[in-house]
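Work through the exercises below with the sequence and the structure at hand. Each task is followed by a solution in steps.

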Amino acid sequence: MAPVTLRAVKKSYGDAPVIHGVDIDIADGEFVVLVGPSGCGKSTLLRMVAGLETITDGEVSIGPRVVNDLDPKDRDIAMVFQNYALYPHMTVETNMGFSLEHRGASKAEIAERVNWAADILGLVPLLKRYPRQLSGGQRQRVAMGRAIVRNPQVFLFDEPLSNLDAKLRVVMRGEIKSLHQRLGVTTIYVTHDQVEAMTMADKIVVLNAGKVEQIGAPLDLYDRPVNQFVAGFIGSPSMNFIGGKITADGFAAAGIVLPLPPGLAIGDAVYGIRPEHFELSPAGVAATVLLVEPMGSETQVTMTLGEHQVIGVFRERVKAKPGETIMVRPDPASVHLFDATTGARIN
Amino acid sequence: MKTDLSPTIKTALYGLMCVLLIPFVFPTWWMITSSVKPISDIFAFPPDLWPRRFDFTTYGKVFELQPFAQQYWNSAYIAAIVTVGTMAFSSMAGYAFARIKFPGADFLFTIVLLGLLIPSEVTIVPLFQIFLKWGMINTHWPLILVPIFGAPSVFATFVMRQFFIALPGELEEAARVDGLGRFKIFWIIALPLAKPALGAVAIFTFLHSWNLYLEPIVFISAKNMFTLPQALTQFTDAYGGAMWNIQMAAATMTALPVLLVFIVAQKQFVEGLAHTGLKG
Amino acid sequence: MTTPPRPHPFWTIERRDAVAGYTFIAPQLIGTIVFVLIPLGLVFWYSLHEWNVLANTFTFKGAANYQHLLNDPALPQVLVASAIFSACLVVLNMTLAILLAVLLDQKLRGITVFRTLFFSPVVVSLVAWTIVWGFLLQNNGGINGFLQMFGITGPNWLRNSTTAMISVVVVQVFKNVGLNMILFLAALQGVPKELYEAARVDGASPFKQFRRITLPMISPTILLTSIITIVGSLQVFAQIAVLTQGGPGFSTTVLVYYLYQQAFQFHFFGYGSTLSILLFVIVAILTFAQWQLRKRIVFYEN
């Protein structure tokens with residue numbers, strides 16, 4: 001186990017820069033999720049930590065060592081790949097023991113470690129099988145088993161759940177998380193799925209276009225996103241944004257004025273409100289219903305506020321039909337305001 | 001097309017296929033049966049589908065008239081070396097062109113691919129001069145070197161490259177994380193997975209070497225250096241007439257072992273070729 | 001943030017990969033250069049010379065051999081024979097291969113046995129196969145014997161210029177049609193079943209299904225295998241040498257056989273080289289055509 005540090009890390013392919021100087025500190029034993037839209041550079045960053053991509057500039061350290069020029073095998077990391085990368089021509093047992101075998105471990109030692117890992121992951125009955133004889137979830141588990149067998153300093157996960165169906169994904173999410181709790185190994189986990197990020201991470205790194213947008217605990221990111229990108233990326237359904245102006249009377253947008261907390265500077269801004277921060281209240285503003293989607297535990301309503309289409313999520317069962325008007329009140333304390341040009345948070 | 005067929009149509013299809021089979025199967029049958037007919041019955045009328053008299057001395061005469069065992073060995077060991085050599089060189093080159101980034105790879109691949117445009121029939125004249133200069137006429141070197149490096153091996157390189165391109169990159173990355181270098185990745189991961197393509201390459205290469213005819217008659221003139229295709233044409237009497245039953249015995253001994261191997265392993269054979277044929 | 005400069009190792013991953021790459025390709029690359037590309041250069045060089053083996057002279061003659069090529073009275077016959085041979089071969093081969101593939105694609109018991117038998121000549125030694133056919137095609141041989149049983153007097157197959165050509169084509173077709181048959185079978189099995197089901201719902205007859213669905217879907221395979229077959233037909237040598245020695249007359253003297261005669265029977269190495277260049281140009285044009293077609297048509301390849 002070891003801390004991982006990225007210092008001003010850059011990556012270019014030829015003249016095209018893809019990572020523009022990233023600093024991340026990962027504490028010993030921390031579970032960090034790199035999240036961002038596709039093409040944001042999160043996988044590239046992970047592969048640079050793994051040693052599968054060269055580092056154009058900056059430094060990556062694992063523990064006290066700068067690992068820039070080390071081979072993947074010398075970095076003491078283990079990686080779980082998106083498509084699992086199990087060797088098709090080897091049994092589960094051989095797959096799991098493979099890295100130890102090539103580091104000169106004795107047969108007894110390999111057997112002991114493989115059995116230990118198989119036991120943790122419930123793979124003991126599958127040890128003699130070949131990857132093609134396994135289900136998706138089982139393959140995923142073998143890939144994890146292969147990673148933990150060696151007891152590395154750092155685990156790297158590259159979108160490991162993206163090939164599983166929705167239900168299995170939830171199960172495996174829990175398994176990875178409990179594995180981390182059990183072993184306490186520093187983990188870097190890449191995903192494009194913000195739900196995975198929120199549920200699994202100790203710390204989330206939101207990346208966009210090769211830059212870090214924000215680093216923080218999941219709920220900090222949710223509650224106080226530093227800019228409009230993070231605000232929109234974290235949370236589902238995503239935050240509603242309305243462009244307009246901060247005035248003394250509230251937030252003035254096309255066809256509507258919304259309440260604001262006191263003490264804000266007058267000027268152009270973007271008003272952000274999460275769907276669950278609307279409540280049904282006669283004291284609210286009028287909204288025209290476009291679509292009602294009952295989920296059982298809650299109701300999602302697509303509606304227009306003035307000329308702006310927004311989504312609200314309500315605890316109540318909303319009975320309104322499309323075209324009808326309901327009164328909704330955005331909670332002023334939960335409003336996020338962003339600079340109209342830079343997108344940076346201003347409240 | 002794949003509906004259940006009526007019995008009438010089925011019978012018709014079986015009948016059609018049996019008729020079509022005649023030119024594919026009958027020559028082999030005729031070869032084997034004629035090889036045990038005495039010379040006097042060889043052109044008997046009406047033709048005998050089953051020999052009316054058996055004469056197994058033909059097989060002995062094959063070995064009396066030619067150093068046939070030596071010739072058989074020549075063909076076998078040359079084909080073996082060519083097959084193993086082609087598999088080794090083409091899988092190595094195919095792997096490098098598919099999976100390793102190195103300066104000039106595309107240019108060098110084009111150079112190698114040019115070999116596909118140049119069958120050995122085109123270069124047979126200078127090859128003869130080269131091997132003459134090297135003192136390799138009447139040796140087996142030309143029969144080994146020309147196929148191992150010529151158009152058939154270039155084709156094999158192309159087939160192997162196509163296969164390795166389709167191999168998931170993650171497997172190699174996992175192997176690198178597991179501590180393997182390039183040579184070990186090739187040997188332990190890539191090559192074992194390439195068995196279908198290697199099998200097809202082996203079949204093509206073996207048959208090509210086994211059937212080679214122009215090169216032997218150009219490069220080899222000593223009887224004990226002959227390969228089988230060359231030797232088969234040599235069973236003639238003093239007047240140049242063919243000694244058909246002995247020739248058929250020699251042909252049977254040449255054809256039958258490969259045919260039997262094929263029948264035993266026909267599934268892998270045919271599927272390997274179909275798979276690679278489409279990609280190559 | 002400043003860090004003390006770290007010493008970079010010389011053997012970076014890129015450098016090690018480059019060494020591995022060159023090592024892996026070295027045998028194939030050097031071999032191809034020595035045994036294919038240099039000989040190609042030499043064959044062109046030779047084609048500009050007159051090479052007298054007896055006097056051991058090697059004289060530069062410029063384009064004289066190419067002049068001779070244009071004036072060689074035998075060459076038109078050779079080219080016609082080559083063209084007839086290749087054209088007949090490819091047409092027969094393709095037709096038979098598709099017919100057999102369609103038959104073998106049917107749901108019939110024991111179909112793999114038929115597949116094995118139709119394919120078997122591919123693995124029979126080429127010269128053995130040719131010799132057997134030569135034996136069958138003798139004037140008093142098996143084929144005429146069977147014809148005689150039905151009161152038909154067959155021709156002397158290998159001694160008549162028309163039937164000799166038919167014979168060499170047929171012998172070659174039956175030898176190798178199994179390969180194309182297997183490729184077509186794979187192509188047929190790659191046609192999505194839904195297309196046939198949709199066509200049946202639309203009421204198309206089996207023949208119409210074949211013409212409107214099967215043929216278009218396997219057309220890439222048809223084009224590619226035709227060209228591979230044509231290029232292969234240009235290299236046919238053993239069959240001619242064993243069956244007809246190019247005769248009667250020049251009727252079955254294809255280009256490769258003529259080249260062999262000129263260079264190795266008559267020792268006209270210069271002119272033989274010129275014929276080699278001609279063969280190379282034809283093969284190169286056809287192979288380029290194949291690559292272009294592959295790029296245009298075979299969309300599922302990378």
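**Exercise 1. Classify A:Lys73 and A:Asp74 as buried, partly exposed or exposed, and state how they interact.**

Solution. 
- Step 1. In this predicted model, A:Lys73 has a relative accessible area of 31%. Buried requires under 20% and exposed requires over 50%, so A:Lys73 is partly exposed.
- Step 2. A:Asp74 has a relative accessible area of 35% and is therefore partly exposed.
- Step 3. A:Asp74 and A:Lys73 form a salt bridge, with 3.7 Å between the closest N and O atoms. The cut-off for such a pair is 4 Å.

**Exercise 2. Find the salt-bridge partner of B:Arg99, and say where the two residues are placed.**

Solution. 
- Step 1. The partner is B:Glu172, and the closest N and O atoms are 3.3 Å apart.
- Step 2. B:Arg99 belongs to helix H3 of chain B and B:Glu172 to helix H8 (residues 169-177) of chain B; with 73 residues separating them, the pair links distant parts of the chain.
- Step 3. B:Arg99 has 19% relative accessibility, so it counts as buried. B:Glu172, at 6%, is buried as well.

**Exercise 3. Describe the interface of chain B and chain C, then locate its salt bridge.**

Solution. 
- Step 1. The two chains bury about 9400 Å² between them, and 79% of this is on carbon and sulfur atoms.
- Step 2. Chain B contributes 106 residues to the contact, and chain C contributes 107 residues.
- Step 3. One salt bridge is counted between chain B and chain C. C:Asp17 and B:Arg182 form a salt bridge with their closest N and O atoms 2.7 Å apart.
- Step 4. B:Arg182 lies in helix H9 (residues 182-193) of chain B, and C:Asp17 lies in helix H1 (residues 13-47) of chain C.
- Step 5. B:Arg182 is buried because its relative accessible area is 16%. C:Asp17 counts as buried at 14%.
- Step 6. Over all chains, the structure holds 17 salt bridges. A network of salt bridges links A:Lys11, A:Arg47, A:Glu53 and B:Glu173.

**Exercise 4. Determine how far strand E16 of chain A is covered, and which strands it is joined to.**

Solution. 
- Step 1. E16(A) spans residues 299-305, and seven of its seven residues are buried.
- Step 2. Side chains in a regular strand alternate between the two faces of the sheet, so each face is checked separately. On one side of E16(A) are A:Thr299, A:Val301, A:Met303 and A:Leu305, and on the other A:Gln300, A:Thr302 and A:Thr304; all are buried.
- Step 3. Strand E15 (residues 278-294) of chain A is joined to E16(A) by six bridges and runs antiparallel to it. A:Val301 in E16(A) stands opposite A:Val292.
- Step 4. Four residues lie between E15(A) and E16(A) in their hairpin, where A:Gly296 has a positive phi near 100°.
- Step 5. Seven bridges join E16(A) to strand E17 (residues 308-314) of chain A, also in antiparallel fashion. A:Met303 stands opposite A:Val310 in E17(A).
- Step 6. The hairpin of E16(A) and E17(A) has two residues between the strands, and A:Gly306 in the turn takes a positive phi of about 60°.

**Exercise 5. Place B:Thr83 in chain B and list its contacts beyond its sequence neighbours.**

Solution. 
- Step 1. B:Thr83 sits in helix H3 (residues 68-99) of chain B.
- Step 2. With a relative accessible area of 9%, B:Thr83 is buried.
- Step 3. Leaving aside neighbours within four places in sequence, B:Thr83 is in contact with B:Ala202, B:Thr205 and B:Phe206.

Terms used. Residues are numbered from 1 along each chain as its sequence is written. Chains are lettered from A and ligands numbered from 1 in the order in which they are written. This is a predicted model: local features need pLDDT of at least 70, side-chain atom pairs count only at pLDDT 80 or more; totals for chains, interfaces and linings use all residues. Side-chain values use heavy atoms; hydrogens and water are left out. Buried means under 20% relative accessible area, exposed over 50%, partly exposed in between (1.4 Å probe, protein chains only). Contact means heavy atoms within 4.5 Å. Two strands pair if DSSP finds at least two bridges between them. Buried area is the accessible area (1.4 Å probe) that two parts lose on being put together, summed over both. A salt bridge is a side-chain nitrogen of Lys or Arg within 4 Å of a carboxyl oxygen of Asp or Glu.
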